Amino acid sequence: MLTKKQLFSRGMLDISPHMLSVIPFGIICGAIGVELGFDPYLVYAMSFIIFGGASQIVFLQLLSGGASSLVAVASVGIINSRHLLYGAVLSEYLEKLSFIKKLLISYVVVDQGFAESNKFFKKNRNEEFLHYHLIGTGCTMWICWQIATLSGIVLGSFVPEELGLKFAIPLTFIAIVVQDLKKLDHVIVMITCGLSSLLFFDAPFKSYIIISPIIALFVAALLLRLKK
Amino acid sequence: MTLTAIIFAGILTYFTRMTMIALISRDMLGDKIKAVLEYVPSAVFPAIIFPGIFINDFGTFIEMNDPKIFGALVAVIVGYFSKNIIATISAGLVSYWFLIFVVFS
């Protein structure tokens, strides 16, 4: 049995390689906000209040492009609706926690933290304090995100755009799913999701980000039925 | 004005994170649903990966000879064999930079 502290450290360790892409991306997010002409305090407030990578950029871009606040808020909600799926997966491992702990832990659930903690949970189902791993991944992500976006706000236009650092984001997610390419059923699900996301990219409110996972999960359900 | 919108966006985002964790109990999800949920990472992350590679900042498709496609392929190959996150990201970025700064410059 691992102690709480060991699990927390393990979570920090498991997510830390992703900081190679998260920190540059956070810097870009902060810099874009300032470049679009928003109050630096507001740009930072988003990292604290929304704490959701790409959705923060989309929010500011929509507002600066003249969209109404309602459209911007709705888009953030739809982009982040993928967390519902993460929550459904994680709920199995967190069900023993008190309601208050569930409410608190929810704030730090992010893509990479979900991915790495879920991998760890699957291999260590019987650990008593599993949620400390999720707190470890979430807190590491939170601290790095705050520092990175703040740095971007301060650096502003000094961030070299020609480096194309946004490209680090697809790469970090490739690193997460690449081992599942060994399984044919997962490959089919991934290709379904990827192609759907391109097909529906122009759907309103950036809804491709939740439409394509739903289509891919339907395909997964069909595959499960075929397997039997 | 903008701050109000940020707060609403934040509350909405928090609800997407909290709803399934705090309000759903294990018994509400059947075995079939749980089996499908096993596929969540494979069903969600390509929706971040594919547009990040194939669609540019202006929302249009890239050319088939775009350096990003090469960078992503290198990342997939290095990631598959190395099983190392840092190696995967670095390989993708370095090969991408090699093409844009050395080959195409």
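# How the terms apply here

Guide: Welcome! Let's start with helix α10 (residues 168-177) of chain A: ten of its ten residues are buried, so the helix is largely enclosed by the rest of the structure.

Visitor: Which residues of α10(A) are buried?

Guide: They are A168(A), I169(A), P170(A), L171(A), T172(A), F173(A), I174(A), A175(A), I176(A) and V177(A). Please keep in mind that this is a predicted model: local features need pLDDT of at least 70 and side-chain atom pairs count only at pLDDT 80 or more, while totals for chains, interfaces and linings use all residues. Residues are numbered from 1 along each chain as its sequence is written, and chains are lettered from A and ligands numbered from 1 in the order in which they are written.

Visitor: What makes E116(A) count as buried?

Guide: A residue is buried if 20 or more other C-beta atoms, placed from the backbone, lie within 10 Å of its own, exposed if 12 or fewer do, and partly exposed in between. E116(A) has 26 C-beta neighbours inside 10 Å, so E116(A) counts as buried. This residue is found in helix α8 (residues 111-123) of chain A; helices here are DSSP runs of H or I with at least four residues, strands are E runs of at least two, and both are numbered from the N terminus.

Visitor: Which residues does E116(A) touch, not counting those up to four places away in sequence?

Guide: E116(A) touches D14(A), I15(A) and T137(A) on that count. Contact means that the C-beta atoms of two residues, placed from the backbone, lie within 7 Å. L13(A) is 103 residues from E116(A) in sequence, with 10.0 Å between their C-alpha atoms.

Visitor: Why is I191(A) called partly exposed?

Guide: I191(A) has 15 other C-beta atoms within 10 Å, which is why it is partly exposed. I191(A) sits in helix α11 (residues 184-199) of chain A. Its C-alpha atom and that of A216(A), 25 residues apart along the chain, are separated by 8.4 Å.

Visitor: What covers the buried residues of α4(B)?

Guide: The cover includes α10, α11 and α12 (208-227) of chain A together with α3 (40-44) and α5 of chain B. Helix α4 (residues 46-54) of chain B is mostly covered, with nine of its nine residues buried. Among them are P46(B), F50(B), G52(B) and F54(B).

Visitor: What makes α3(A) roughly antiparallel to α9(A)?

Guide: The axes of helix α3 (residues 40-49) and helix α9 (residues 131-155) of chain A come within 9 Å and cross at roughly 160°. That angle makes α3(A) roughly antiparallel to α9(A). Angles under 35 degrees count as roughly parallel, over 145 as roughly antiparallel, 65 to 115 as roughly perpendicular, and the rest as oblique. The axes are lines fitted to C-alpha atoms, for helices over the stretch in contact, and angles run from 0 to 180 degrees between N-to-C directions.

Visitor: Why are α5(B) and α6(B) called roughly antiparallel?

Guide: Helix α5 (residues 67-82) and helix α6 (residues 85-103) of chain B pack at about 150°, with their axes 8 Å apart. The two are therefore roughly antiparallel to each other, and α5(B) passes α6(B) in a right-handed crossing. Their contact includes F70(B) and V74(B) of α5(B), and Y96(B) and L99(B) of α6(B). Its residues divide into twelve nonpolar, six polar and one charged.

Visitor: How many residues does the contact take from chain A and from chain B?

Guide: It takes 74 from chain A and 57 from chain B. Helix α6 (residues 82-94) of chain A gives the most to the chain A side, with twelve residues. That side divides into 49 nonpolar, 20 polar and five charged residues.

Visitor: Which domains does the assignment give for chain A?

Guide: Domain 1 (7-157) and domain 2 (183-228), with bounds from an automatic or database domain assignment. Their C-alpha centres lie 23 Å apart.

Conventions. Ala, Val, Leu, Ile, Met, Phe, Trp, Tyr, Cys and Pro count as nonpolar, Asp, Glu, Lys and Arg as charged, and the others, Gly among them, as polar. A crossing is left-handed if the near helix is turned anticlockwise from the far one by less than a right angle, and right-handed if clockwise.
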